[in-house]
Amino acid sequence: MTITRIGIGKRMSQAVVYNGTVHTAGVVAENTKGQSVLEQTKEILAEIDRILAEAGTDKTKLLKANIWLTDISTFAQMNEAWDGWVVEGHTPARATVESKLAAPGYDVEIMVDAAV
């Protein structure tokens, strides 16, 4: 079977497509780093839209989402952006946890799997 890699880097790819499924890496907000969780989440979801489109799919085909927050008290902010983005009737399985992230200022990280 063919493996397609999107945004190949030295350490990782932005996404890998295999066997009809796209698996994204964890996506963080580069332009809104240090801003509110709401703003970071909006940026991340727009980037996920871009990656999914490059893989030949979209958010209506989401299968699973993993979300990390540096402070679980910001859960409502993240959900405000998420609820405005996700398509009703096409919601994925999802987990959200509190965790330290790779660098200060990154307060949200989201990783998704979607059917292609």
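What share of the 116 residues of the protein chain counts as buried? That was my opening question today, and I put it to a predicted model. The answer came out at 40% of the 116 residues.

**Entry 1: the overall fold**

I went through the secondary structure next. I found two helices and six strands in the protein chain. Reading from the N terminus, I noted the order β-β-β-α-β-α-β-β. Then I looked up the radius of gyration, which is 14 Å. The globule rule gives 13 Å for 116 residues, and the two values are close, so I wrote the chain down as being as compact as a globular protein of that length.

Contacts came after that. I took those between residues at least 6 apart in sequence, and 70% of them join residues at least 24 apart.

**Entry 2: serine 13**

I picked serine 13, which sits in strand S2, residues 13-18. Is serine 13 buried or exposed? Its relative accessibility is 14%, and the cut-off for buried is under 20%, so serine 13 counts as buried. Leaving out neighbours within four places in sequence, I listed what serine 13 is in contact with: Arg5, Ile6, Gly7, Ile8 and Ala25. I also checked threonine 24, eleven residues away along the chain from serine 13, and their C-alpha atoms are separated by 8.2 Å.

**Entry 3: threonine 74**

Now for a loop residue. Threonine 74 lies between strand S4 (62-69) and helix H2 (75-85). I looked up its relative accessible area and got 13%, so threonine 74 is buried too. Which residues does threonine 74 touch, not counting those up to four places away in sequence? I found Val37 and Leu69. There is also aspartate 71 to note: its backbone oxygen lies 2.6 Å from a polar atom of the threonine 74 side chain.

**Entry 4: the largest pocket**

Last, I went looking for pockets. The largest pocket has a volume of about 230 Å³. I counted 13 residues lining the largest pocket, and the closest to its centre are Gln14, Val27, Val28, Glu30 and Glu47. Which element gives the largest share of the lining? It is helix H1 (residues 37-55), with three residues. Sorting the lining by type, I got seven nonpolar, three polar and three charged residues.

Methods:
Residues numbered from 1 in each chain as written. Predicted model: local features only at pLDDT ≥ 70, side-chain atom pairs only at ≥ 80, totals over all residues. Heavy atoms only, no water. 1 Å grid on protein atoms, 1.4 Å probe; cavity = no way out; pocket = protein on both sides within 12 Å on 5 of 7 lines; lining within 4 Å. Points joined across faces, edges and corners; volume = space filled by probe spheres on them. Helix = DSSP H or I, 4+ residues; strand = E, 2+ residues; numbered from the N terminus. Nonpolar A, V, L, I, M, F, W, Y, C, P; charged D, E, K, R; others polar. Buried < 20%, exposed > 50% of the residue type's maximum accessible area, 1.4 Å probe, protein only. Polar contact = N/O pair within 3.5 Å; in protein donor to acceptor, adjacent residues only side chain to side chain. Contact = heavy atoms within 4.5 Å. Rg over C-alpha atoms; globule rule 2.2 N^0.38 Å.
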